[in-house]
Amino acid sequence: MKAMLKRLSLLAAALFISTALHAEPVTGGRANVVIQPEPPSLMVGLVQNGPTQMVAGNIYEGLLRYDTDLKPMPQLATSWEVSEDGLTYTFHLHENVKWHDGEPFTAADVVFSADVFLRETHPRLRASLEHVEEISAPDDHTVVFKLKQPFGPFIGIFEVGTMPMIPKHIYEGTDFANNPANNTPIGTGPFKFAEWEKGSHILLTKNEDYYEEGKPYLDEIYWHVIPDAASRAVAYETGVVDVLPGGSIENFDVQRIAGMENTCITDKGWEYFGPHSWMWLNNREGPTSDVRFRKAVMYAMDREFARDALWNGLGKIANSPVSSSTRFHTDDVTEYAYDPDKARALLEEMGYDGAPVRLLPLPYGETWQRWAEAVKQNLDEVGIEVEIVATDVAGWNQKLAEWDYDIAFTYLYQYGDPALGVARTYVSTNIAKGSQWNNVEGYVNEDVDALFDQAAVAVTPEERQELYTKVQQVLTDEVPVAWLLELGFPTIYRCNVKDLVTTAIGVNDGFKDAYIEK
Amino acid sequence: MLRFILMRLVKAAIILIAILTLNFFLIHAAPGDPAAVLAGEAGAADAQFIEQLRERFGLDKPLLTQLGIYLGGVLQLDLGYSYRQQMPVADLIFARLPATLLLTLTAFVIALVLGTLAGVLASARVGKWSDTVISTLALLFYATPLFWVALMAVLVFSVFLNWLPGFGYETVGANHTGFRRALDIAQHLILPATTLGLFFMAVYMRMTRASMLEVSRLDFVKTARAKGLKPGIIQRRHIFRNAMLPVVTLAGLQAGQLVGGAVLTETVFAWPGIGRLMFEALAQRDYNLLLGIFFVSAAMVLLFNLITDILYRVVDPRIRVAS
């Protein structure tokens with residue numbers, strides 16, 4: 001294991017050095033990339049799943065991008081201002097941007113996208129837009145968002161996956177879901193949609209009229225649809241593909257593939273998402289409703305083993321509900337190091353009767369199944385009898401949405417700010433059957449509700465930090481869920497593919513900076 | 001004959017509707033629904049969004065109403081709309097059908113030809129070492145999990161030897177046309193078709209071997225031998241022809257299942273066929289797509305059965321007389 005970690009760190013170091021020393025970008029060439037599963041559609045305004053965003057991030061664009069420290073960078077907006085009271089956000093747009101069909105991109109498109117199209121189709125953005133009173137376009141290249149009250153994370157919702165720009169001239173007044181244009185997506189991005197052979201590949205070609213001079217560098221990108229994880233590894237080994245985005249191959253193959261010649265690996269490019277894994281613990285009934293049992297679960301788990309054995313040493317132990325790449329994370333919380341004796345003592349103190357608990361693994365492949373087995377073994381060792389319940393994705397969705405579980409694996413994105421991706425899991429106002437992206441565990445604490453509410457609308461970052469620190473301390477004391485790891489998804493690629501991952505959403509942000517060194 | 005065909009077609013239509021109705025209820029009995037799966041992929045959907053999706057797909061209506069709407073559509077040859085892929089089901093199926101037919105037909109021919117040959121060879125050397133080797137090899141391919149054979153084939157012929165492409169239907173981005181394209185597709189076809197063909201070969205081998213041995217003990221074969229015919233001629237003209245009848249029956253049955261595709265082979269070899277489409281539709285609870293694939297697959301089975309029955313009546317006078 002140590003040798004493997006050393007090898008991975010050497011590769012990472014090599015990557016860093018090669019990135020630091022690289023020469024001028026080279027124009028031309030083709031990137032061959034794995035896409036899995038095949039996206040249902042490339043219209044990112046309608047479908048927000050990972051594969052859709054990964055391909056469509058080249059076709060569509062947002063007003064902003066974010067660097068790996070989550071600082072906003074220009075995209076379709078060249079500059080922006082926020083009023084002192086935190087209520088008015090003004091964006092100044094690029095003046096020479098055209099849609100792929102040649103029509104000019106203007107502020108009216110921004111107003112249409114945010115206020116009309118995405119309000120109807122994008123559940124995650126819709127929640128953030130609840131804070132917006134008015135969106136207006138004083139001229140063709142200026143957009144003003146006026147908020148009802150300050151909303152701390154607002155500047156963080158303008159990347160392509162959250163607020164993609166949709167062409168008003170194509171969609172206005174139509175049935176968005178059934179518009180024929182959905183099959184031939186038109187955006188402002190560096191690559192245009194060219195061809196989609198369902199079940200085989202998607203081809204994007206260079207946008208020759210792209211507004212950033214000289215970009216993109218690549219001529220075309222082929223996205224290869226390969227349904228089997230072992231075959232995806234073979235595709236890289238045989239030179240058919242050059243880029244394996246995070247999660248393309250099983251974790252046990254990572255070390256072998258990463259050790260190949262001219263192969264680099266990075267776990268950068270996930271900072272905005274901050275994928276945070278935990279186990280839901282049903283707070284409503286059974287032993288998991290007792291805080292001592294939940295703490296015992298935390299002490300019983302050997303998370304370092306899981307990270308090193310199952311995740312190739314990538315990722316971090318999650319010691320708080322807020323990921324360390326998300327704003328306002330703190331380490332000043334109760335920590336739960338692996339300590340089976342403490343777990344046994346807590347179980348004895350609560351008088352645990354040995355009643356078995358049901359554990360739902362995440363049905364996302366071999367790694368998650370093995371992780372569930374490792375946790376079962378950890379819990380068995382402290383005297384908790386675990387029964388693993390097998391489901392497929394649809395069954396897993398239903399069991400969680402109906403609260404039919406005792407312990408269940410999951411991971412969710414945090415979108416850079418606790419108000420966007422953390423509060424939803426813990427506030428009691430977000431308890432509702434029928435969805436599994438809310439407070440599924442049934443945790444109720446009025447203080448936590450108040451702290452999250454205040455932190456979301458606090459104006460200064462200092463105020464927000466203070467409130468979020470408090471809420472992290474309360475939550476780690478009460479353990480509503482059992483935090484596992486801040487996941488590290490490795491992107492594997494040929495080292496001569498340069499500037500592949502440059503922002504906080506990595507390969508989801510398009511290949512406009514990427515080039516292939518000869 | 002015309003009346004016979006018409007009666008069979010009416011029966012086939014009733015069977016098809018029964019199959020669709022049964023599958024409709026079976027699919028809906030599985031936990032979860034397409035709205036929840038789609039919402040799950042969006043990553044942050046609320047209950048309201050899931051309800052919106054259900055309404056859009058008509059999943060909020062009573063089950064019997066949904067069945068009525070679906071069957072009404074099928075009667076007008078409208079297989080509906082895929083929830084996830086946002087395309088007409090018929091378009092999705094017919095786009096994938098040629099790839100599946102190419103793969104399964106090639107595998108079928110490989111299985112039939114190799115299986116029959118091996119069966120004849122084994123029957124001619126019963127109890128000898130060559131019979132044992134052939135029978136053991138055939139059973140080995142039948143007993144070994146298909147995905148494992150597929151992965152090993154990729155590993156050996158694609159990764160180690162670099163002789164053949166390991167997956168896909170053709171070289172993506174090569175933009176071959178005409179003969180070059182056909183050659184490219186043929187190269188991609190070799191590994192999946194052989195893997196699948198070897199799996200089914202054992203069935204034909206066993207059937208041919210047993211049938212050849214059985215026929216060789218019949219009186220007319222003894223007569224032929226008594227007449228002093230050469231063993232080769234007896235084997236080819238008398239035993240083989242008669243032994244082929246059950247093999248042809250089996251082949252007819254299997255041909256009907258060709259459209260069902262080969263889920264595992266298509267998945268491992270990234271072959272863009274119907275088997276894979278069906279597997280994905282099942283995982284995503286894409287009801288309309290799944291029912292559409294079942295419909296086309298069942299229709300083909302019924303069609304092949306009908307053709308087989310008609311051929312029997314043409315070929316074998318005894319069946320014509322009996323009916």
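The legends below describe close-up views of a predicted model.

**View 1. Chain B overall.** Chain B is built from 14 helices and zero strands. The C-alpha trace of chain B spans about 85 × 60 × 40 Å along its principal axes. Of the 323 residues in chain B, 38% are buried. Among contacts in chain B with a separation of 6 or more, 70% link residues 24 or more positions apart.

**View 2. The two domains of chain B.** Domain 1 covers residues 16–78 of chain B, and domain 2 covers residues 90–322. Their C-alpha centres lie 35 Å apart. Domain 1 of chain B gives 13 residues to the contact, and domain 2 of chain B gives 11. On the domain 1 side, α1 (2–29), α2 and α4 (63–75) of chain B each give two or more residues. The largest share of that side, six residues, comes from α1(B). By residue class, the domain 1 side of this contact divides into 10 nonpolar, two polar and one charged.

**View 3. Helices α5 and α8 of chain B.** Two packed helices are described by the angle between their axes and the distance between the axes. Helix α5 (residues 89–124) of chain B packs on helix α8 (residues 178–216) of chain B at an angle of about 35°. The axes of these two helices are 5 Å apart. The crossing of α5(B) with α8(B) is right-handed. Residues of this contact comprise 22 nonpolar, eight polar and one charged.

**View 4. Chain B against chain A.** The contact between the chains involves 38 residues of chain B and 38 residues of chain A. On the chain B side, the elements that supply at least two residues each are α2 (34–42), α3 (47–57), α5, α7 (146–160), α11 (263–268) and α12 (274–283). The largest share of the chain B side comes from α2(B), with five residues. Residues on the chain B side divide into 21 nonpolar, 10 polar and seven charged.

**View 5. A six-stranded sheet in chain A.** Six strands of chain A form an open sheet in the order β14-β18-β13-β17-β15-β16. Pairing in this sheet is mixed. Strands β14 (316–317) and β16 (386–388) of chain A are the edges, each pairing on one side only. Within the sheet, strand β13 (residues 276–281) of chain A pairs with strand β18 (residues 481–486) of chain A in the antiparallel sense, over four bridges. A:His276 has A:Glu486 as its bridge partner in β18(A).

View 6. Four strands of chain A form an open sheet in the order β4-β5-β7-β6, with antiparallel pairing. Its edge strands are β4 (77–82) and β6 (132–139) of chain A, and each pairs on one side only. Neighbouring strands of this sheet are turned by 15° against each other on average, direction ignored. Five bridges join β4(A) to strand β5 (residues 88–93) of chain A in the antiparallel sense. The partner of A:Ala77 in β5(A) is A:Leu93. Helix α3 (residues 107–121) of chain A lies across β5, β6 and β7 (142–147) of chain A. This helix runs at about 165° to β6(A).

**View 7. Strand β19 of chain A and its partners.** Strand β19 (residues 491–494) of chain A is covered on both faces. A:Thr491 and A:Tyr493 are buried on one side, while A:Ile492 and A:Arg494 are buried on the other. Strand β11 (residues 243–244) of chain A runs antiparallel to β19(A) and is joined to β19(A) by two bridges. Strand β12 (residues 263–266) of chain A is also antiparallel to β19(A), with four bridges. A:Ile492 is the bridge partner of A:Leu244. A:Ile492 is also the bridge partner of A:Ile265.

**View 8. Helix α6 of chain A.** Helix α6 (residues 229–237) of chain A is mostly covered, with seven of its nine residues buried. The buried residues of α6(A) are A:Ala229, A:Ser231, A:Arg232, A:Ala233, A:Val234, A:Ala235 and A:Tyr236. A:Gly239 follows α6(A) and has a positive phi, near 85°.

Terms used: Residues are numbered from 1 along each chain as its sequence is written. Chains are lettered from A and ligands numbered from 1 in the order in which they are written. This is a predicted model: local features need pLDDT of at least 70, side-chain atom pairs count only at pLDDT 80 or more; totals for chains, interfaces and linings use all residues. Axes are lines fitted to C-alpha atoms, for helices over the stretch in contact, and angles run from 0 to 180 degrees between N-to-C directions. A crossing is left-handed if the near helix is turned anticlockwise from the far one by less than a right angle, and right-handed if clockwise. Ala, Val, Leu, Ile, Met, Phe, Trp, Tyr, Cys and Pro count as nonpolar, Asp, Glu, Lys and Arg as charged, and the others, Gly among them, as polar. Two residues are in contact if their C-beta atoms, placed from the backbone, lie within 7 Å. Domain bounds come from an automatic or database domain assignment. Two strands pair if DSSP finds at least two bridges between them. A residue is buried if 20 or more other C-beta atoms lie within 10 Å of its own, exposed if 12 or fewer, and partly exposed in between; C-beta atoms are placed from the backbone.
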